[in-house]
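Biologist: I would like to learn how to read the packing in a model like this one. Please take me through it feature by feature.

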Amino acid sequence: MAFNYLKNIKIGKWLITILVISCLPFLVSAQKEMSPNQQLSPKQQSTIQIAALAAKGDLQALKPALNKALDAGLTINETKEVLVHLYAYCGFPRSIRGLQTFMEVLDERKAKGIIDTVGKEASPVLDEGSKYERGKKVLGELTIIPQPETLSGYSAFAPVIDTFLKEHLFADIFERDVLTFAERELVTISVLSAIGNAEPMLRSHLNICLNVGITPQQLAEFTGIIESILDEKEATTTEVVINEVLKQTPAFPKGEKANTINFTGTAWVYMMITPDETYNSSIGNVIFEPGARTNWHKHPGGQILLVTDGKGYYQEKGKPAQFIQKGDVVRIPPDTEHWHGATSGSSLTHIAISPNQQKGSVIWLNAVTDEEFKITEMK
């Protein structure tokens, strides 16, 4: 049959589990500064330790942690930047005492003949535009959410704090290039875990961590490191919040925006497996925002779609569109012209498996017009 859509066949949990586990080694970070699925590096582990200890004010334990950080490869300027960054979340006293302790450590190491790497200084910010708008842009990049024009919540209650937050924290501090966004977020969640009673902010920054390339596996490892530093109450709270965030985390990163030449609306593609000599297949996770859809296209080797979330449509040329939703499996025969995408009222996520790549890659055709999509929605 030219049309081989298996409607309402639900994907078994075992299939999803096997697919996720098998693809984990191929996860690729969305951020250049971190490589996929790795354990926290010794430098990252030290960053967590010195940030948490300085935030706690445990200067006795901070000294050996600073020595360990330098031995692990943190430069003097990177270490200073960690201690400077944390003041935005736990105040000047903790930051300054941390810096003073670091000065003592450097003097002691110098007396022993240890020469530590100074490292690069922060580059000047050349953008002379509105600092508020710059900070707003950085916050949007971190959260992957456009920032609203109208203030709400605490920002509306005290607009000046919103100004300080955008202009100083996200412009003055986050724009400094001594530390990457990922490294700054490790400092931030370490401080928020240490000071306690900051669960909403901790939850927000854990989600930002995932946005900037820190993997769920690394956050799980973070839990173990931070628990060895914090008191029982703070450690338990941190573990609970991290577990909550990870339970809500999609199996795969959002990926990159799909090429607008081949898609209408906004879609995100995360390629997990690309064809090689052993596996002549590609596997990608595709997220369609409401109303987004592919162009008409066909696959010489056929395709299988595993719908993992949301609602959408699949249509073969000359046939009625089919409604698809979470749990459905779509089997697309070779060289069959078709399109797929989200309904106007829901997003759609599916895993696209394209086998037999030796027969050729996808052939893109004309866009699905707004009129064609409207007719689909009306049926």
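Predicted model: local features only at pLDDT ≥ 70, side-chain atom pairs only at ≥ 80, totals over all residues.

Biologist: Is Thr223 buried or exposed?
Modeller: Start with the cut-offs: buried means under 20% relative accessible area, exposed over 50%, and partly exposed in between (1.4 Å probe, protein chains only). Thr223 has a relative accessible area of 9%, so Thr223 is buried. Thr223 sits in helix 12, residues 216-227. Helices (H or I, at least four residues) and strands (E, at least two) are DSSP runs, numbered from the N terminus.

Biologist: Which residues does Thr223 contact, beyond its neighbours within four places in sequence?
Modeller: A contact means heavy atoms within 4.5 Å. On that basis Thr223 is in contact with Glu239 and Ile242.

Biologist: How many residues are in the largest nonpolar core?
Modeller: A nonpolar core is a set of buried Ala, Val, Leu, Ile, Met, Phe, Trp, Tyr and Cys residues joined through side-chain atoms within 4.5 Å. The largest has 56 residues. Ile50, Ile189, Val191, Leu206 and Leu219 have the most contacts inside it. Not counting residues up to four places away in sequence, Ile50 touches Leu62, Ala65, Leu66, Ala69, Leu74, Thr79 and Val82. Another core, of 15 residues, lies apart from the largest one and includes Phe263 and Phe288.

Biologist: How many aromatic pairs does the structure hold?
Modeller: A pair of aromatic rings is described by the distance of the centres and the angle of the planes. Rings of Phe, Tyr and Trp (its six-membered ring) pair if their centres lie within 6.5 Å; planes under 30 degrees apart count as stacked, over 60 as edge-to-face and the rest as tilted. The structure holds eight such pairs. One of them, Phe263 with Trp364, is tilted, at 5.6 Å centre to centre and 50° between the planes. This pair links distant parts of the chain, 101 residues apart: Phe263 is in strand 3 (residues 263-264) and Trp364 in strand 13 (residues 363-364). Phe263 is buried, at 12% relative accessibility, whereas Trp364 is partly exposed at 30%.

Biologist: What angle lies between the planes of Tyr313 and Phe323?
Modeller: The angle is 70°, an edge-to-face pair, with 6.5 Å centre to centre. Tyr313 lies in strand 8 (residues 303-316) and Phe323 in strand 9 (residues 322-325), so the pair ties together parts ten residues apart in sequence. Tyr313, Phe323, Trp339 and Phe373 form one aromatic cluster.

Biologist: Which residue lies over the face of Phe373?
Modeller: A charge sits over a ring if NZ of Lys or CZ of Arg is within 6 Å of the ring centre and within 35 degrees of the ring normal. Arg293 lies over the face of Phe373, at 4.5 Å from the ring centre. Lys317 lies over Trp296, at 4.1 Å.

Biologist: Which residues point each way from strand 5?
Modeller: In a regular strand the side chains alternate between the two faces of the sheet. Ser282, Gly284, Val286 and Phe288 point one way from strand 5, and Ile283, Asn285 and Ile287 the other way; all are buried.

Biologist: Which strands pair with strand 5?
Modeller: Two strands pair if DSSP finds at least two bridges between them. Six bridges join strand 4 (residues 267-273) to strand 5, antiparallel. Seven bridges join strand 5 to strand 12 (residues 348-354), also antiparallel.

How values were computed:
Residues numbered from 1 in each chain as written. Heavy atoms only, no water.
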